Amino acid sequence: MKILITGSHGQLGTELLRQLKEGRSEIGPIPEKLCTAKVIPTDADELDITDRDEVVAFVRRMEPDVIINCAAYTNVDGCESHTEDAFKVNALGPRNLAIAAQKVGAKLVHVSTDYVFSGKENGGVPLDESALPAPVSAYGRTKLLGEQYVRQFCPRSFVVRTAWLYSHTGKNFVFTMVNAGRKLGALTVVNDQLGNPTNAADLAHHLLKLAVSSEYGTYHCTGEGVCSWYDFACEIIRLSGVKATVAPCTSAEYAAAHPDAASRPAWSALENRMLACTVGNEMRPWQEALTEFFKNESPEA
């Protein structure tokens, strides 16, 4: 089996490569047939997913059995001022990969986001895969179009929405809070936006389970349990041992202090219903996964 991974230098791509090399994740062993798979890691410097001809030629040459697309323009605020770049990476990129996958008969696992929702769909109840998207930001709109292109051009596909992702590699909320806490000693974090913190180790484990299945469709794959960004920050600071205080603020207060920030959903908590009904939901409670994260390696600047 051959697995092509795009965005291999990022948080999720790095974790996928680690699990494929070691044959297991923090949750347990990966599917046995993947332990001998040939892995083809690529990133923007090796494959421009926004160039259709380049993608088709590359995929035809490599002939992967599975493509896992981890590439994305994830700067939510940056998407507002660089809409064309976000459109190319988040929408055209998945389209090109879907077209190429279909030409060689490969499966496509595409990673999307909770930000395809407005946050007003179903207050107080986690959103399952039947919820209708209504994004409120350029990031969410371009990611939603990417989902639609994947389904349109590659029926043998998995669209996997995740949220609040963190890992031991790259830029993420955990690193930001730890480093800011060390530097400033006092943090102020939004307490009226709720969702699901997700450890990249858990997400990667489930992407690999899906990759060897034929349970095509749309999935939610996030840490179990719901919290606010403020709750998440408090737990990060507690587990890290950083001497810092964390104070809550509202989204309105944050927006007033950061007028160029993109709108974000107030409620984007997801339910992993499709996982539970197909390959199995082994996503850990977010507190447990975060605790394990700090046990394995304390994040440094």
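Colleague: Which residue in S5 does Val 111 stand opposite?
Modeller: Val 111 stands opposite Val 160 in S5. This is a predicted model, in which local features need pLDDT of at least 70, side-chain atom pairs need 80 or more, and totals for chains, interfaces and linings use all residues. Numbering starts from 1 along each chain as its sequence is written, and side-chain values use heavy atoms, without hydrogens or water.

Colleague: Over how many bridges do S4 and S5 pair?
Modeller: Strand S4 (residues 107-113) and strand S5 (residues 157-162) pair over 6 bridges, in the parallel sense. Pairing requires at least two DSSP bridges; strands (E, at least two residues) and helices (H or I, at least four) are DSSP runs numbered from the N terminus.

Colleague: And what is the strand order of the open sheet?
Modeller: The order is S2-S1-S3-S4-S5-S10, a sheet of 6 strands with parallel pairing. S2 (38-41) and S10 (217-220) each have a single partner strand, so one side of each lacks a neighbour in the sheet. From one strand to the next, the twist averages 20 degrees.

Colleague: Which strands does H2 lie across, and which does H5?
Modeller: Helix H2 (residues 52-62) lies across S1 (2-6), S2 and S3 (66-69), at about 155 degrees to S1. Helix H5 (residues 138-153) lies across S4, S5 and S10, at about 160 degrees to S4. Contact means heavy atoms within 4.5 Å; angles run from 0 to 180 degrees between N-to-C directions of axes fitted to C-alpha atoms, for helices over the stretch in contact.

Colleague: Changing topic, at what angle do H6 and H8 cross?
Modeller: The axes of H6 (residues 173-184) and H8 (residues 229-240) cross at roughly 60 degrees and come within 10 Å.

Colleague: Which residues meet there?
Modeller: Phe 173, Val 174, Met 177 and Val 178 in H6 meet residues in H8 including Trp 229, Phe 232 and Ile 236.
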